[in-house]
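Welcome! Please open the structure in your viewer and keep the selection tool handy.

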Amino acid sequence: MFHYIFDIIKESGGPAVFGYITSRTLIAFVSSFFVTLIIGRPIIIQLYKKGFRSFERTYGDINSQSKKGTPVMGGILMFITGIGNAVLWCDLSNPFIIILIFSAIWFGVFGGIDDYLKIKNKNPDSGLSRGVKFSIQILFGVALAVFVLNTSISPLPPNIADGMQVPFYKGILFNSGFITFLWIVFIIVYSANAVNFADGMDGLAVVPSIFTFIVIGVFSYIIGNFVHAQHLLFHFIPGSGEIAVFCGAIVGSALGFLWFNSHPAEVFMGDMGSLFLGGTMGTAAVLIRQEIIFIIAGAIFAIEITSTFIQENLGFRNYRRILYRAPLHHHFHHQGMAESKIATRFWIISAIMAALAIITIKFR
Amino acid sequence: MSENGLNLRFIFTGGGSGGHVSPALAVIAELKKRVPGADILYVGIKNKAEGIMVPKAGIPLKFVNSSPLPDKNFFKIIKFFITIFSGFLKALFILTKFKPHVIFATGGYVSAPVIFAAWILRKITLGYFRPKILIHEANVHLGKMNKLAAKAADAVAVSFSETIKDIPSGKGFFSGYPVRNIIAEGDKKKAREKLGIPESAFIVFAFGGSQGARAINRALAKAAPELLKDPDIHIVHGTGKPFGKDHRYHGFEDTISLLEKNSPELLKEKRYLIKDFIDDMELYYAASDLLIIRAGAGSIIEVCTLGKPSIIIPISSVYSDHQTGNARYVERAGAAVVLYEKTDPVKGVNIPFIETSELVESILSLKEAPQKLEQMSKKATEIFPGKPVDIIADYILYLCGISKRPDVTEGVSYLKDRILGLSSVELEHFLKKVNAGEKPLLNEDEKRLLKNKIDTYFTSSNVILRSRALRIAGLAYYCELFPLVIKCAASHEEKPFVRRDAFEALSKLITCDKNYRNQVIEAILHGLSDLYYEARFHAAKLINVFGAHYELTEEEREKLLEKLYRNIEDRCFEVRVESILAIASIENDEERSVKNFEKCYYDKIWKVRKALFKAYETLVKRKVIDSKKALEETDKILITSNGYITDYELKKQLNSSRSHISNMEVK
């Protein structure tokens, strides 16, 4: 929204600095962070009052060592500030932004419904069924794939839209509409679920998400800037720089959320938060066609989802456990490692992987 | 639409089994009386009970295609959708041609296409074509299809008032289960004359539903020679038969072949009447003194309305026990005796059966107590009050806009059982609470039911269920399974989870039978080198329990220790932990234990080091090691760890204040 005001300022001879993508990203980040801090506590208290509290599968009295009773559905905090600031600072006529805001609403709302059902029925298994969740994700994935691949509406240049790009290689590996279609659907389903699995400990999903968004933001800035893209041998996608502003807003709100969610947590994000983060993350990565970079930067998510997959499909199918517990963070927890330690170590890994993803910019 | 119902058109649908058809027929009979000119059409599927019962009642019948919800097999699901879709098209055709005012569905998958078609028609004609839909649910728990159908329906009639809460608000009302009036009005004397059975006879009428009940058929065929020694007893045996070509069990053929093998003379016996399908049910119902039935809501309500004493044999099922629930409901009211189907995991019998002796004994003892029979039959008539047929007929006419809305009647409420209705997971949870003293102990009746359920789980082919059955058996102290549990623990063929849970169960059942002591040791030794880590550590854990009840010989001790010392360096930390604790509880050699424990002083996982502290404590307590030495050793162990317990001070205060406040209230 402010984008237009900045335009007017520029046209009437004022400074152009506010209109730059970099400065708007920074402003979006700062504003969304502080707004989250300001509205955080009232929202958490409202959630608690309305009965959005966590409960455990095993019932019992309030245990002074358990987290039972912590407000859930804190994702609504990121949902409001993330989308709100994106609307405030992004160029709303940019097709990438429209898609991203739509994805944020789509995943946030369905995650919220899931949380609401769980709370309403007082049963962690009574949310949306697995089938419904998958169809929601697949539906969005298909819509996104159609949007990206359809040359008449796609904002991406045709040879990039259906081209497979890998790190360390400056060209396009191959062009195939069909494979790209499946790949995009896979990435959306993967990212939404992966963040969901990682969300099991205080701060465990938020911090890797922040790192991943930063990486995606940096890439989209480069890819959306003709000079930088040419210099660094990326395929220029006009207009994609605006994604960086969106990432800035999300990073700000996620960081603000971490303020409350850090161990010991005062609020959990719930499915609303994890689907919101995962869904938008995957969508942003798809829009700049850097999915592999996204998988590298979000390695924690890959590890979590793979460990669950191994446990359930290789283990339980053969009636045995392979890891002590799954997802992986529970495996370590079972060994007696404290939660804060596990979370911190996962953050470290996540930071290293994010750095690695950034480094690939120079090696092409 | 006129008063005499000349233009009224009704579609009745539902079927698959007799229990779905007969309430529809009962309502049809009543409607015909009230609106003689009405057009009535029955829609069912081929080769099911409706194919026989409906034409016999003189009602036109049309067929659609449908099938029950399949398992998670992909191809079956595809096939299911194709079937349902073709059924839906046929139903559309029937509906547009017949244009019914009201559709009455008794549920089951059979009525799904018709209801779906009616719903779609209503949507696409924007409500211009709007047949009213009334659904009847016979059981306490709403069926899957009915749950969906309830959303499209105008009203749902239920047989038990508990069901109303599962139905979208305002749609549910209590009606009861409609019983055909002809059945309800049978006369004992006349019926016997017609059948040519003397008045003094004691007629036992066994009927396991239209498709037959294997356990009832087999038990009765075996019990018949014994029963017929009593000259008064006459047996009428309806074996049932499958409707289609596809079947796993053919009641009639199976029973006849069983009789030919065991007691061929019975086939010619006049007092033993065996039939594959009984279509003049009312005659036999009326003539009989005692009924042996399944516990489908339909049959028990029919039988109770008639005021007949019965022996009820509910079908045992792993996933649902609504039949058991129905049976126990009638038993508690004092109108029936319940016999449970059994499986025998110890002998490996997984086809449910009934003990012949149990059946014979119950029949004979009831025969000897005419007073009790009389009381039972009196109680039976009191269980299900009201006139379901009238209520439903009223409601149908109300939906046509002819009569007023019938008054709401209070329904029959269904007693909640502590064990019934629990899934295996919930059952395990429940037993844990019982063992912890949070819930009252089980009574004899509940124990009987529980053991029955464990047997059913155990004989199922589902591995997860089998392993859970083991854990539940342990929690329930089910000693009869002890030898089997030992076998599972030491077996190579069983799946890893089953082996693990067998050890867990053993730790509870270990005192059951002292004669099995040596086998238990064998199983432990086997388990210590099991390939699956959870089995290894549960085996090690068992040593502790074993030691508390039995003495070890020197030879056994050495064998165990040899394996335990090997396991102390196991890849899995849980095995290391349990091995250390087990060693501490049986080792007598100071030097050897310290030497081996030293390997774990700097273990990466602090839980292993925690076990070392405990182990030294035990060793000192057992006087294997002197306290000075033990202190020296514990001093060497690495005490930094990466685990701690978070303790929320605020919650702690809340708990203490709460308990203080509630204590003050009591005073």
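Predicted model: local features only at pLDDT ≥ 70, side-chain atom pairs only at ≥ 80, totals over all residues.

**First stop: a core in chain B.** Select Phe104(B), Val114(B), Leu134(B), Val204(B), Ile312(B) and Ile396(B). These are the residues with the most contacts inside the largest nonpolar core, which has 122 residues. Now colour domain 1 (9-177 + 388-400) and domain 2 (182-383) of chain B: because both give residues to this core, it lies between them.

Stay with Phe104(B) for a moment. Beyond its neighbours within four places in sequence, Phe104(B) is in contact with Phe10(B), Phe12(B), Ala24(B), Val27(B), Leu134(B) and Ile396(B). Another core, of 103 residues, lies apart from the one in which you have been looking; select Phe33(A), Ala104(A), Phe246(A) and Phe301(A), which are among its members.

**Second stop: where the chains touch.** Chain B brings 21 residues to the contact and chain A brings 12 residues. On the chain B side, highlight helix 20 (496-509), helix 26 (606-621) and helix 28, the elements that give two or more residues. Helix 28 of chain B gives the most, with four residues. By type, this side of chain B divides into 11 nonpolar, four polar and six charged residues.

**Last stop: Asp647(B).** Look in the loop between helix 27 (627-636) and helix 28 (649-666) of chain B. Is Asp647(B) buried or exposed? Asp647(B) counts as exposed, because it has 10 C-beta neighbours inside 10 Å. Setting aside neighbours within four places in sequence, show its contacts: Ser64(A), Gln65(A) and Lys652(B).

Notes:
Residues numbered from 1 in each chain as written. Chains lettered and ligands numbered in written order. Core = buried A, V, L, I, M, F, W, Y, C linked by C-beta atoms within 7 Å. Buried ≥ 20, exposed ≤ 12 C-beta atoms within 10 Å, placed from the backbone. Domains from an automatic or database assignment. Contact = placed C-beta atoms within 7 Å. Nonpolar A, V, L, I, M, F, W, Y, C, P; charged D, E, K, R; others polar.
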